[in-house]
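Work through the following exercises with the sequence and the model beside you, and try each task before you read its solution.

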Amino acid sequence: MNSQYPIPVVINGAAGKMGREVVKAVSQATDLTLLGAIDRNPEHQGKDAGELAGLPEPLEVPITDQLEPMLAMAGQERQIGVMVDFTHPSTVYDNIRSAIAYGVRPVVGTTGLSPAQIQDLAEFADKASTGCLMIPNFSIGMVLLQQAAVQASQYFDHVEIIELHHNQKADAPSGTALQTAQMLAELGKTFNPPQVEETEKLPGARGSVAAEGIRIHSVRLPGLIAHQEVIFGSAGQIYTLRHDTSDRACYMPGVLLAIRKVVQLKALVYGLEKIL
Ligand SMILES: NC(=O)C1=CN([C@@H]2O[C@H](COP(=O)(O)OP(=O)(O)OC[C@H]3O[C@@H](n4cnc5c(N)ncnc54)[C@H](OP(=O)(O)O)[C@@H]3O)[C@@H](O)[C@H]2O)C=CC1
Ligand SMILES: O=C(O)C1=N[C@H](C(=O)O)C[C@H](O)C1
């Protein structure tokens, strides 16, 4: 759908690291309009979302902690209102349900939802015939890494994933690492057949098993942003795929694409690769 009107967008988590980037990206896109900026952080209530995001001019959109009135407003916008959510694993499930209930289409970057929650939300979106995009990683580089990993996994039986993030991250392992493991697991084989009887002298030393024997190891350090390695091994060789994020701007083309696509959908779709 190519609407003659700009798509109205409310951003939830607008004062956060990702939310501020999205405020900038949405306000600079001529086919989108920033309708509302929501964030619970008391320090930022009433501040102009544009100024907080580092824009030279105010956007005249104040940060508010009132999600429901914003959704009510977006829901009345010719059925094409969109909520972008970059908040916290503890609140994202409720946010998505509220948005759908108001007829607003969610574009969800927040990670940490359980498979059961995702399934429940898919059914809820389906019943409401409302589009919802849930995207654990908006960067094109990660899509390419995952495609290469799927290809490599046809030839390697041994693989482990290491994800490395800043130490403000609430969930572990990352949504991206879980998605990557799931993609490999869907090939229908079990990886990493045991070679010896292993003993963990410290619990967790060997990471956690996500699916089909694939282990994920999570590193949290200041100085990191978001990084992932998928390491394949076989006799005499190691094949390493690595993606590094150096600026959260890398996610913005994917976020803008998702906003434009979600208004055409009538169900929940999971993963950036599905809309490219
Ligand atoms: N899909 C992707 O490509 C990416 C996903 N992410 C994910 O996005 C999420 C946010 O990341 P990030 O921006 O780094 O986190 P931040 O903590 O920097 O930002 C989150 C913001 O949301 C606010 N918030 C938390 N709960 C609520 C709520 N109930 N209502 C309104 N606002 C709320 C926080 O307020 P307060 O400070 O008070 O907690 C904060 O301002 C994480 O789950 C992260 O994993 C991150 C990067 C890329
Ligand atoms: O918290 C982050 O920063 C990120 N979270 C997402 C995830 O959990 O996969 C995406 C990216 O890794 C950055």
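**Exercise 1.** Find the helix that holds Gly-75, and decide whether Gly-75 is buried or exposed, or something in between.

*Solution.* Gly-75 belongs to helix H3, which covers residues 67-75; helices here are DSSP runs of H or I with at least four residues, strands are runs of E with at least two, and both are numbered from the N terminus. The model is a predicted one, in which local features need pLDDT of at least 70 and side-chain atom pairs count only at pLDDT 80 or more, while totals for chains, interfaces and linings use all residues. Residues are numbered from 1 along each chain as its sequence is written, and chains are lettered from A and ligands numbered from 1 in the order in which they are written.

Next, count neighbours: a residue is buried if 20 or more other C-beta atoms, placed from the backbone, lie within 10 Å of its own, exposed if 12 or fewer, and partly exposed in between. Gly-75 has 19 such atoms within 10 Å, so it is partly exposed.

Finally, leaving aside neighbours within four places in sequence, Gly-75 is in contact (C-beta atoms, placed from the backbone, within 7 Å) with Gly-81, Tyr-102, Gly-103 and Val-104. Val-104 is 29 residues away along the chain, yet its C-alpha atom is separated from that of Gly-75 by 5.2 Å.

**Exercise 2.** Explain why helix H7 is described as largely enclosed.

*Solution.* Helix H7 runs over residues 175-185, and because eight of its eleven residues are buried, the rest of the structure largely encloses it. Among the buried residues are Gly-175, Thr-176 and Leu-184. The packing partners of the buried residues of H7 are helix H6 and the strands E7, E8, E9 and E10.

Technical notes
Contact = placed C-beta atoms within 7 Å.
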